[in-house]
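Dear colleague,

I am passing on the structure below, followed by some notes on what was found in it. Please read the notes with the structure open beside them.

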Amino acid sequence: MSEFGIESNHSTETYKQGSAGESAFKKRLGIIATCVVGGSLVALYAVTGPFVAPALRKVCLPFVPATRNQIENVLKVLKTRSGSLADIGSGDGRIVIAAAKSGFKAVGFELNPWLVWYSRYKAWREGVHHNTSFYISDLWKVSFSEYSNVVIFGIPQMVRSSD
C-alpha cells in the first residue's frame, strides 16, 4: 500500500508541476498579448495623430497637395523674382522643391511632422536638399521678414472673421 501511496503522490506532483507550467505559460502569453496590443495602439496613434490633430483645432487646416498647375502658376510668378522663398503650410514640399530647382533658397513651414520628414526625404531624393529646409512650425509663430518671397495657399477656414 505504501507503494501505491507513493505513486499517487508522484502523479499528483506531476499534475501540479504541469498546471504550474501551464499557468506560467498563460501568464507570459497574456503579457506578450498586452504588449502587442499596447504597442499597436501607440504605433497607430503615432502615425495618425499628426493627421488628425489639425482637424481638432479651432480652425481646421487640412493637407491639400498642390496640383501641377498650381505649382506652375507659382513658378510663373516667381520667374522675374529672386532671393529666398518661404512656403507657409508646405505640406509634402512640392512648391519648395520646385522653387529650389528654379534656383531659390526655399524654406517650408508645416505643422505635420510626418509631412516635414517626408519633404526632407523628397528634397534629398530630388537632389535639392542643399537649397531647401523644412521646419515643424506654426505659421503664427514664425517671422517671415527675412524672406523676399512668401507663398501660402489659403482655404476659407483660414480667413478670420471680424464678427
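In what order do the elements of the chain run from the N terminus on? They run α-α-β-α-β-α-β-β, where helices (H or I, at least four residues) and strands (E, at least two) are DSSP runs numbered from the N terminus.

Please keep in mind that this is a predicted model, in which local features need pLDDT of at least 70 and side-chain atom pairs count only at pLDDT 80 or more, while totals for chains, interfaces and linings use all residues. Residues are numbered from 1 along each chain as its sequence is written, and side-chain values use heavy atoms, with hydrogens and water left out.

The four strands form an open sheet in the order 3-2-1-4, with parallel pairing (two strands pair if DSSP finds at least two bridges between them). Strand 3 (132-136) and strand 4 (149-152) stand at the edges with a single partner strand each, so one side of each has no neighbour in the sheet. Further in, strand 1 (residues 84-88) and strand 2 (residues 105-110) are joined in the parallel sense by five bridges, and Leu-85 has Ala-106 in strand 2 as its bridge partner. Helix 3 (residues 94-101) packs on this sheet and touches strand 1, strand 2, strand 3 and strand 4, a contact being heavy atoms within 4.5 Å.

Terms used: Axes are lines fitted to C-alpha atoms, for helices over the stretch in contact, and angles run from 0 to 180 degrees between N-to-C directions.
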